[in-house]
Every structure is written in C-alpha cells, then in structure tokens.
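Dear colleague,

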Amino acid sequence: MKNKIVNTVVLILVFWFSGCTNKSTITPYVPTPYEIEIPFGFPTILNIPADNPMTVEGVELGRYLFYDGRFSGRTHPDSLMSCATCHRQERSFEAGVDHPGFPGGFPHGITGIPTPHAMLPMINLVWNTTGYGWNGLLYPTNPDPDARNIEDFVRMAALAPHEVNGDTTRIKNLFQTIPGYPELFEKAFGSKTITFTNIGKAIAQFARTLISANSKFDQYMHGEVQLSQPELNGYMLFTTEDGGDCFHCHGGFGNPLFTTHLFYNNGKDTVFNDIRDRFVITGDPMDHGAYKATTLRNIEVTGPYMHDGRFTTIEEVIDFYSTGVLSSPSISPLMHHVNNGGIRLTPQEKADLLSFIRTLRDDEFMTNPKFGKPEKFPDE
Amino acid sequence: MDKLFRQPIQLLYFIAFAGVFAFTGCGSKTNNPEPTTGKLTLHFSHKIDSEPIVFDDMRYVNAAGNHYLVNEIQYFISDVTLYHSNGTSLLLDQWEDIHYVDTDLPETQDYIFKDEIPQGTYDSISFTFGISEEKNHSLMFVNPPESFMFWPENLGGGYHYLKLNGKWLNELDQAAPFNFHLGIGQIYFSYPDSVSSFVQNYFRVILPASAFNLAVGETKSVEVIMNVENWFQSPNIYNHNTHGGDIMQKQHVMALAVENGWNVFTANTMTYK
C-alpha cells in the first residue's frame, strides 16, 4: 500500500510539471542582468529608465549598433554613419580637434550640415540626472515622453539632418535583414523582430557602461599615487575661491563626477540669441546664456571647448577664465571674479592648473577593448 | 485502512493543529498598547523683511546699505532636539538627522521626522546649523544634491553648511556676485598654502517662540523661517563692499556670519493636520 501512495504522488507531480511544460513551448526570455560597478565616491543613484534595465545581452547588442555604420539605414560605403563616426573612444567618445573627417572637431551630418553645438562628453552618463544636452532638453520628468533620456537621443540623432538624417523604419528594416542581428535582439529583448525602440534601448545601455574613473587623480584619491607639486598646486587653485574656484561647478574630491550636471552662464557673452540655451528650456531670464557644466574628466583630449567650440585648447579656456569673463545680468553668481575679468592667474598658476587638469585623463578607459569597436559584426 | 496509511493522516492533523496554535500564539502577542505618540514636520521658508523672497531681483537693501539680490540658498541643519516641559530633551532621528534645504528644490523644504514623538508640551526646538565635527565627513553624501555641497579637503573637508548666492551693487555700481558660504574655517600659517588649524563654524540655533503641544496621533507642522536680512545685520553689520564676493578662506568673516546666524531663524505659527 505504501508503494501505491508513493507512486500516486509521483504520478501527480509528473503530470503537474508536464502540464506546465506543455503550456510553454517558447524558450523563455531570460537576459542576464548587467551590474554597474560604482567607482569610489561616485553616486549610487543611477539614471536607468525602468523600461530599459541593463542586461549583458543589451549592452553587447548596443556595442555592435554603436559602431555599425549601417545605423544610417544605408549600405553604400559613402553613406555609412554610426555613433562612433563622431564619438571616438580615443577622444573619450567625442570627436576631438584632430578628427580626420571633422576639421577642428566640429562634426557635420551625413549630408554635410554642421551640428549646431560642439560635442558634449559621452562618459559617466548614467549619473546625469538633470538632463542630457547642453541645455538639458532631455530629462527624466519631461512631460514629453519622447524627450527624457539617452534612448531618445539615439532617435533624435538618427533623424536629425545635421546628424544621420535617417529614417527609423528604414534603419530597423535594414538591421532586420542583416544575419545575426535578429538573434541578438531576441537575446536582448525577447524578439527577433527589430524595432527602433529596441535599437535605441540597446545603444543607450552600451552608453551607460562608458564609465571613466581611473585617472591619476582617482588613483590619488585611493591613496595609490602621489600628485606632483605642480599638480598639487593646481589642485589647490582648482578648489579655492581665491584661486580658480573651479570646484563649485566642476566638482572635486567630494564630487568625483567633476561636474554638477547643472547649467550656468559662465560669462562668455553679453548678448544671447542662441535658441538652444538653458533659457529655452526653463523660461527663466537668469538662464540666458546658460549651458551645462561639462565634466572635466579627459577634458584634455575633448576639444573644442564650450557649447559653440570657440576654444581649441585647454590653455585658451584657462586664459578665458583668467581674464576674459564678461558680465551680464544673467551671469552665474558663482562667477564672483567677473568684475576683474576673471580669476587673474599668473603664468605659473595657469601652468599648475593645467597640470592638475591633466591628472583627470583616463587612458585605461580610452583604450579599454570592451568599449572599442567589435572585432567583427554579427554578419561577418 | 491499514496502519501505514493512517500515519500520514495523523501527521497532517498534527501539522494543522500546530499551525493553528502557532498563529493563535502570534495573535495574542500582537495586542498593540494604546498609542502615546505623534509626528513632527519642519517646513522651511525663506524671507526678507517678513516677505517671501523674490529671487534674482535687486530689490533689497541690507543694514550696511548694500542693494542686493538673492539667487539661491542651500544649507544643512542637523541634530534637531525637542525640549519637553518635563525637563527632558529628545534628539530626533539620531544619525539620520542631517537635512538638506534648497530654495530651488521644493521637496527639500519639508523635513519629516521618522521618529515617533511622545505626546506632551514642548518648550522649544533647537538644531545645529550645518553639521557637527563628529558627523561632517567627506564623501558622507555621494548623491546629489547633497554631494554638490562638498567643502574642499584643503579647506577642512566635509560639506558647506550654507551657500547663499546672490549679487550686490558695489561701489562702482556694478552688479557683483557674492558667495556667502559657511563651512569649516582655516587659520593660516602662510596664506594660502599652509593651514595651521581648522575652525568648526557650525552653531546651535534655539528657535524662539517654538513651544508646541503634541497630541496622540497628531502630525504637527512647524514653519522654520530663515530671515535672510539677519545674516547681514545683527549683531554685526555686514558690508559686501568690505568683505567681497567670497568668504570660504576668510575665517574672520565667517566668524561674523556665525554670530549673525544665531538670530536668522524664527518659528512661525503651528499648523495642524
């Protein structure tokens, strides 16, 4: 009798689990969560939209798409354009003044139309919670659901005449025909049917992995290296009000992002007619001529500088902050040296400040293969 | 029905009864005593001459005669303590009690305490303006906006207690920015490179006329008002033309600001929810 009972229970369990199995004939979509490692001192709050969680498969796909020139939706060799056409790893994912196709580091679209602003840093974006773009036009609480995050930037770049000048339907249809991509989309998003929404999500996931946090200054923060005396002198200037007073907008030890991601009029102009400044977003008169304070990480290689790329070198930027600052009603109160024209650095102080800024260069990031172009694309 | 078949049934009965007893026992232990506490919220507002601040408007005149505007105010308060009429005091929320206030971020302007507060009559409220030396450590806040308040290591580290940013009309009638910032001060052996010691500039504020009664189950809201003009007038008349646009490296000026800060805050009428 005991055996009968045991057999009955086993049979019930077998039927039970067989029933479950029969209900599901499709391989379950189980992507692997991608954990972002938080570098020392960095924020723990990440800007990752709830409908696009980070996955290993999504990041891998995003890397292919980021570098694949067929993102233009075209296949002719003269018509290829990818994110990496402008965003070069060796220039911290900006064009850089030495870009072979964009003289001076001023990109233009596939049809030759110049982009209206200079490029912004494309690193440590996962910690930007105040808005993407020079004026922060994409922000998480934007009433416009199509203008909130990096995913939306991908779509805007695909469509903009001064960038890819593409067509999202054509782009997703092209990738649908390329062997290997549908399978990668299935792994990342559970379906071989490619949508432009998922293209945007994958590229945004890859973009969120572009974390630069291993500069000489980071190693100094960890106690691993010592800064030279000129670098320390520059650090002192960077972090003192009587010196350069850079830290209030650009961070430092207590804010190792080296930006607040906030928007300031830093005294470049006295007349404001740019239709892409912060005022356009907020309507606040104090935001005339205000733009995002960029991170200074890797700034040495990411010229040209300022929203319009008016400065080619860091030295020119330091000269501007030293003697070229202009007063206007909307200048940020943090520019408290304005009535002296700037911070009035001596040549030695300028050299020291530059020495410190160079400690923010992260060569390991700019050569890390996991951020670089894949050895081959899915159809190769 | 044989013996082998009965045994599992008995086991099931045993488990069922044991479960019933267990849950009954839990239920008898969770009889809540009568509540004896309420809740407290501080709401921060910012005024000049008894009126809410109109930001970015050069409409104000301080005690020194400087015309000025205010652009933004950001600060920490901590160690909020209630003084009960029975002579006891209550430090609220212990180590979690450092609160950031930002005039640009409305969500920071209400400080809702986690602690349940015993009912009764409280004579006054006090708090630390800034952060005490014991708690003011660098990288304590890694997330914005608090992290943006960091105070550089070479100036003492930790965090700004206060950023009060604005502009005044200087002697040349130019709009000149001022950064009225408070934090750890420095005594220099050789300015600006060699600091011989640091000065903790945080201070206690005892809110005048802040007595209140708290009934059981009640949430009491107290308005804490920063009267900005007092930073510049009492007991020290503060002249921007004298002290300039920045004071983080001027301990003698921050000391004046600290003395004025004792009188900056008042409490207003309690509101009941």
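**Findings**

Among contacts in chain B between residues at least 6 apart in sequence, 69% join residues at least 24 apart. Please note that this is a predicted model. The secondary structure of chain B consists of 3 helices and 18 strands, and 34% of its 273 residues count as buried.

As to confidence, chain A has a mean pLDDT of 94, with 93% of its residues at 70 or more. Over residues 17–24 of chain A, however, pLDDT stays under 50, and the model has 0 contacts beyond four places in sequence for these residues. Where pLDDT is low, the predicted coordinates should not be read in detail.

Within chain A, helix α2 (residues 56–67) and helix α7 (residues 196–208) have axes that come within 7 Å and cross at roughly 100°. Since angles of 65 to 115 degrees count as roughly perpendicular, α2(A) and α7(A) are therefore roughly perpendicular to each other. On the α2(A) side, the contact is made by Gly58(A), Val59(A), Leu61(A), Gly62(A), Arg63(A), Leu65(A) and Phe66(A). From α7(A) come Ile199(A), Lys201(A), Ala202(A), Ile203(A), Gln205(A) and Phe206(A). By class, this contact of α2(A) with α7(A) has 8 nonpolar, 3 polar and 2 charged residues.

Turning to the interface, 26 residues of chain A are in contact with 31 residues of chain B. The side of chain A that touches chain B comprises 12 nonpolar, 11 polar and 3 charged residues.

With kind regards

Technical notes:
Residues numbered from 1 in each chain as written. Chains lettered and ligands numbered in written order. Predicted model: local features only at pLDDT ≥ 70, side-chain atom pairs only at ≥ 80, totals over all residues. Contact = placed C-beta atoms within 7 Å. Nonpolar A, V, L, I, M, F, W, Y, C, P; charged D, E, K, R; others polar. Axes fitted to C-alpha atoms, helices over the stretch in contact; angles between N-to-C directions. Helix = DSSP H or I, 4+ residues; strand = E, 2+ residues; numbered from the N terminus. Parallel < 35°, antiparallel > 145°, perpendicular 65-115°, else oblique. pLDDT = per-residue confidence, 0-100. Buried ≥ 20, exposed ≤ 12 C-beta atoms within 10 Å, placed from the backbone.
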